[in-house]
Amino acid sequence: MTDTQAPNPVRVDQTEPATPKAATHIKMSARDVNVFYGATHAIKDVSIDVDMENVTAFIGPSGCGKSTFLRTLNRMNDTIPIAKVTGDITLDGEDIYSPQMDVVQLRARVGMVFQKPNPFPKSIYENVAYGPRIHGLAPNKGAMDQIVEQSLKRAGLWDEVKDRLHDSGTALSGGQQQRLCIARAIAVDPEVILMDEPCSALDPIATAKIEELIHALRGKYAIVIVTHNMQQAARVSQKTAFFHLGNLVEYGETSDIFTNPREERTKDYITGRYG
Ligand SMILES: Nc1ncnc2c1ncn2[C@@H]1O[C@H](COP(=O)(O)OP(=O)(O)OP(=O)(O)O)[C@@H](O)[C@H]1O
C-alpha cells in the first residue's frame, strides 16, 4: 500500500474495548536509552514500557528514530558496527544487554518482521521449520509438522498454502510472503513481535489482512509496530508513542494521542502540520 498521510482528523477504531487501565503485564521496559551512530545522536533518553495486552505503535516523521529504537528491543543494532546503545532495556525484568544474554535466543524471544518481506529462498515449510530446527524445538518430524501448521494458521496463511508447502516461499505474493515471515517469527514461540513498517510494501488488500492478523495476535504476543501511516496506527494499536528528533515526545493511549494530545508537537504532527 502506498502509505499516504492521513487526512485529518485520524479516525480511531471505536470498536476496540477501552484499554484496561490496570492489570497490564509490562513485557519490556526501556530506561534512559540513547543510541548513537558515530556522532549522530539518534535516540535521546527514551524511557517506555511495552505491555502484553496492547499493540503499541511508534509514529513520527521520517528520521525521528522509530526504527532505531525498535531495533534496540532485540539488539538488532548490534549488527551495525557504528551503533552504540546506552541505558537499560529489560525483558520480563531481565537485562537484554547483559553480557550473559544469548542474542540468538533473545531474537527468538523478541522476533522481528521487516518492511520488505524477506522469506528465505526455500520452501514454505522450510521457511517456518528453520527456526524451530536450530532452536531444537521439535524432537521429530510429526512435532515439526505441527509447529509449521500451527504457525501458518496463526499467521492466517495455512488455508492458502496447505496444498503447496513444498513450493518456494519466494513464489508467494508480497502479502503472503509477509504473513510467511510472521509465521516464521511465531514458529520459535516468541514473547514479543516487532514489526518495522510491515505493510509499506503491500497493496491495500494485503495490508488489511496484516492488520486483521495483528488484531488476532494481540494479547498472545506483545506487539510493537512502527508505521508512518497514522491511520494504520489508529486502526491497529491501543498505545501510541510519538517520536520527534530522537525524543519520545508523548506516549499514551492511542485514542488520547489522536484526539487529545498533551504536547503541541504531537498535535502538529497528527494534524499534518509537519512530517
Ligand atoms: N545504519 C545507520 N548508520 C548511520 N545513521 C543511521 C543509521 N540508521 C539510521 N541512522 C540515522 O539515525 C536517525 C534515525 O533513523 P531511523 O531510521 O531510526 O528513523 P525512522 O524514524 O525509522 O525513519 P523512517 O520513518 O524514515 O524509516 C536518522 O538521522 C538516520 O539518518
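Two strands pair here if DSSP finds at least two bridges between them, and the elements themselves are DSSP runs numbered from the N terminus: helices (H or I, at least four residues) and strands (E, at least two). With that in hand, open your viewer. Residue numbers start from 1 along each chain as its sequence is written. The model is predicted, so local features need pLDDT of at least 70 and side-chain atom pairs count only at pLDDT 80 or more, while totals for chains, interfaces and linings use all residues.

**Stop 1: the annotated domain**

Select residues 28-270. An unreviewed UniProt entry annotates this range as "domain: ABC transporter"; UniProt positions are in the numbering used here, feature names are shortened, and annotations may be inferred rather than shown by experiment. Over residues 28-270, 37% of the chain is helix and 27% strand, with 26 Å between the end C-alpha atoms.

**Stop 2: the six-stranded sheet**

Next, colour the strands β6-β7-β8-β3-β9-β10, which is the order of an open sheet with mixed pairing. The edges are β6 (110-113) and β10 (247-253); each has a single partner strand, so one side of each has no neighbour in the sheet. Direction ignored, neighbouring strands of this sheet are turned by 15° against each other on average. Axes are lines fitted to C-alpha atoms, for helices over the stretch in contact, and angles run from 0 to 180 degrees between N-to-C directions.

Now zoom in on β3 (residues 55-59) and β9 (residues 239-244), a parallel pair joined by four bridges. Which residue of β9 does Thr56 stand opposite? Pick Lys239 and you have found it.

Then show helix α6 (residues 174-187), which lies across β6 and β7 (192-196) and runs at about 170° to β6.

**Stop 3: the four-stranded sheet**

Move on to β2-β1-β4-β5, the order of an open antiparallel sheet of four strands. Here β2 and β5 (94-95) are the edge strands, each pairing on one side only. Eight bridges link β1 (residues 26-37) and β4 (residues 83-91) in the antiparallel sense.

**Stop 4: around the ligand**

Select the ligand and its shell of 13 residues, of which the closest are Tyr37, Ala42, Ser62, Ser67 and Thr68. A residue is near a molecule if its C-beta atom, placed from the backbone, lies within 6 Å of it. Both β2 (40-51) and α1 (66-72) give two or more residues to this shell, and α1 has the largest share, with three.

**Stop 5: helix α3**

Select α3 (residues 124-134), whose buried residues are Ile124, Asn127, Val128, Ala129, Gly131 and Pro132. Buried means 20 or more other C-beta atoms within 10 Å of a residue's own, exposed 12 or fewer, and partly exposed in between, with C-beta atoms placed from the backbone. Those buried residues pack against α2 (103-109), α4 (141-154), α5 (158-161) and α6. Just after α3, check Gly136, where phi is positive at about 65°.

**Stop 6: two loop residues**

Tyr221 sits in the loop between α7 (204-217) and β8 (222-226). Is Tyr221 buried or exposed? It counts as buried, because it has 22 C-beta neighbours inside 10 Å. Leaving out residues up to four places away in sequence, Tyr221 touches Pro190, Glu191, Val192 and Ile193; contact means C-beta atoms, placed from the backbone, within 7 Å.

Finally, pick Asn260, in the loop between α9 (254-259) and α10 (264-270). Asn260 counts as exposed, with 11 C-beta neighbours inside 10 Å.

Conventions
Two residues are in contact if their C-beta atoms, placed from the backbone, lie within 7 Å.
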